[in-house]
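I wanted the overall layout, then a few residues looked up one by one.

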Amino acid sequence: MVTIKKDGYETVNATVTSSIDGAGAAGMAGNVVLGGVIGAGVDAGTGAMHSHKPNPLVVKRTATE
């Protein structure tokens with residue numbers, strides 16, 4: 001859950017999900033075959049195999065009166 005707040009504007013709440021995308025899964029398989037455990041561990045630890053949705057997150061801000 002993402003909360004966007006700024007004085008003078010209504011607060012916006014949005015949901016962003018993280019998942020392993022196709023390229024991330026293929027990259028992980030390549031790491032296992034070519035890079036071994038170290039390459040797979042680096043990608044898993046840094047989040048390189050994940051994507052976020054929606055990407056980009058677009059929100060409309062409404063000014064309060």
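**Layout.** I counted the secondary structure and got 1 helix and 4 strands in the protein chain. My helices (H or I, at least four residues) and strands (E, at least two) are DSSP runs, numbered from the N terminus. Going along the sequence, I read the pattern β-β-β-α-β for the protein chain.

**Ground rules.** I'm working on a predicted model, where local features need pLDDT of at least 70 and side-chain atom pairs count only at pLDDT 80 or more, while totals for chains, interfaces and linings use all residues. Residues are numbered from 1 along each chain as its sequence is written, and side-chain values use heavy atoms, with hydrogens and water left out.

**Whole-chain numbers.** I looked up the accessible surface of the protein chain and found about 4900 Å², with 59% of that belonging to carbon and sulfur atoms. Those areas come from the Shrake-Rupley method with a 1.4 Å probe, and for residues only the protein chains shown count as cover. Of the 65 residues in the protein chain, 14% are buried. For me buried means under 20% relative accessible area, exposed means over 50%, and partly exposed is in between (1.4 Å probe, protein chains only). Then I checked contacts (heavy atoms within 4.5 Å). Taking those between residues at least 6 apart in sequence, 65% join residues at least 24 apart.

**Met1.** I found Met1 in the segment before β1 (2-4). Is Met1 buried or exposed? I call Met1 exposed because its relative accessible area is 70%. Skipping neighbours within four places in sequence, I still get contacts from Met1 to Asn13, Ala14 and Thr15. Met1 and Asn13 are 12 residues apart along the chain, and I have their C-alpha atoms separated by 6.9 Å.

**Lys5.** Next I went to the loop between β1 and β2 (12-14), where Lys5 is found. Lys5 has a relative accessible area of 66%, so I filed Lys5 as exposed. With neighbours within four places in sequence set aside, Lys5 is in contact with Thr11 and Arg61. C-alpha to C-alpha, I get 9.4 Å between Lys5 and Arg61, which are 56 residues apart in sequence.

**Ser51.** Ser51 sits in strand β4. I noted Ser51 as buried because its relative accessible area is 14%.

**Pro56.** Which peptide bond is cis, with omega near 10°? I found that it runs from Asn55 to Pro56. Pro56 is placed in the segment after β4 (50-53).
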